[in-house]
Amino acid sequence: MIRAQGLTKIYSDKERGEFKAAENISFECEPGSVFGLLGPNGAGKTTTLRMLATLIKPTRGTATINGFDIVKEARKVRENIGFMTGETAIYDRLTAREMIRYFGQLFGLEKEKLDQRIEAILDLLDMRHFADKRNDKLSTGMRQKVSIARTIVHDPPCLILDEPTTGLDVLTSKTIVDFIHQAREMGKSVLFSTHIMSEAERLCDQIAIIHNGHILAIGSIEELKTKAQAHTLEDMFINMVNQTEIDGTDEAHH
């Protein structure tokens, strides 16, 4: 379970003064479901996910990951999440297998358990045919599988994926999409951010529309399309953003 309550991040800048990158972000992501944060670049998606992953501290508000507080119990939170972005780096001089092992050791997995996890992941992601090749010799799709493998080596119950398909071709993106489906079937809580409407439509059980650091609406895609009187997800998104700007406010509507 991922639960955010009033998460807010304010940055101070000498020229601009205070800038609210995310304000009053609240939602829940249940086990066995995919919750999508849908919004354009700069909407506050990455800031929100980085707070949940304990990479930055919230200015206000709180959140729990699998029952652990992101500020007070940050180490336990990290043990319970797999965090991945489209820019997650892998080490070129290691093989795929060595990369998975290295991150398993960082998480403190004992050798016998780690050996079992590596074998299970190689099967899960169909990696055996390149497991012992150096990462700098792998295709983009293979490298993406290595990135997924290092994210899940400790078998976390919660996954936080920040626009993981950005810049990838269709076939490589499918690797990520298939993995998200698998994670849902395994009962994991998957929090997934994207600005790609078709991805959100294919993957998400619930979505939050985020714009200018605020959540405009939360619900299933069908609920939100009905609410916005729109036939497509794209039309719904545009209608909500336009209405917010017409109203002259970014207050959240539920």
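Visitor: At what angle do the axes of H5 and H6 cross?
Guide: Roughly 25 degrees, and the axes come within 8 Å. This is a predicted model, by the way.

Visitor: So are H5 and H6 parallel or perpendicular to each other?
Guide: Roughly parallel, because angles under 35 degrees count that way. The crossing is right-handed.

Visitor: Which residues meet there, H5 to H6?
Guide: From H5, Thr140, Gly141, Gln144, Lys145, Ile148 and Ile152. From H6, Thr172, Thr175, Ile176 and Phe179. That contact divides into four nonpolar, five polar and one charged residues.

Visitor: What does H6 lie across?
Guide: Helix H6, residues 170-185, lies across strands E3, E6, E7 and E8. H6 runs at about 150 degrees to E8.

Visitor: Back to H5. How does H3 pack with it?
Guide: At an angle of about 20 degrees, with the axes 8 Å apart. That makes H3 roughly parallel to H5. Their crossing is right-handed.

Visitor: Which side chains belong to that contact, by residue?
Guide: Ala96, Met99, Ile100 and Phe103 in H3 meet Val146, Ala149 and Arg150 in H5. By class, the contact of H3 with H5 has six nonpolar residues, no polar ones and one charged.

Visitor: And H3 with H4, what is the crossing angle there?
Guide: Roughly 135 degrees, with the axes of H3 (residues 96-106) and H4 (residues 111-124) coming within 10 Å. That makes H3 oblique to H4. The crossing of H3 and H4 is right-handed.

Visitor: Who makes the contact between H3 and H4?
Guide: H3 brings Arg97, Ile100, Arg101, Gly104 and Gln105. H4 brings Leu114, Asp115, Ile118, Glu119, Ile121 and Leu122. By class, the contact of H3 with H4 has five nonpolar, two polar and four charged residues.

Visitor: Switching to sheets. What is the strand order in the six-stranded one?
Guide: E6-E7-E8-E3-E9-E10, an open sheet with mixed pairing. E6 (81-85) and E10 (214-219) are the edge strands, each pairing on one side only. The twist averages 15 degrees from one strand to the next.

Visitor: Are E3 and E9 parallel or antiparallel?
Guide: Parallel, over four bridges. E3 covers residues 33-38 and E9 covers residues 206-211. Leu37 stands opposite Ala208 in E9.

Visitor: What about the four-stranded sheet, what order is that?
Guide: E2-E1-E4-E5, open, with antiparallel pairing. E2 (17-29) and E5 stand at the edges with a single partner strand each, so one side of each has no neighbour in the sheet.

Visitor: How many bridges join E4 and E5?
Guide: Two, in the antiparallel sense. Thr64 has Asp69 in E5 as its bridge partner.

Visitor: Last topic, confidence. What is the average pLDDT for the chain?
Guide: It is 88, and 96% of the residues score at least 70.

Visitor: Which elements have the lowest and highest mean pLDDT?
Guide: Helix H9, residues 233-247, has the lowest at 77. Strand E5, residues 68-69, has the highest at 96.

Visitor: And where does pLDDT stay under 50?
Guide: Over residues 249-254. The model has 12 contacts for them beyond four places in sequence. Where pLDDT is low, the predicted coordinates should not be read in detail.

Methods
Residues are numbered from 1 along each chain as its sequence is written. This is a predicted model: local features need pLDDT of at least 70, side-chain atom pairs count only at pLDDT 80 or more; totals for chains, interfaces and linings use all residues. Side-chain values use heavy atoms; hydrogens and water are left out. Axes are lines fitted to C-alpha atoms, for helices over the stretch in contact, and angles run from 0 to 180 degrees between N-to-C directions. Angles under 35 degrees count as roughly parallel, over 145 as roughly antiparallel, 65 to 115 as roughly perpendicular and the rest as oblique. A crossing is left-handed if the near helix is turned anticlockwise from the far one by less than a right angle, and right-handed if clockwise. Contact means heavy atoms within 4.5 Å. Ala, Val, Leu, Ile, Met, Phe, Trp, Tyr, Cys and Pro count as nonpolar, Asp, Glu, Lys and Arg as charged, and the others, Gly among them, as polar. Two strands pair if DSSP finds at least two bridges between them. pLDDT is the predictor's confidence in each residue, from 0 to 100.
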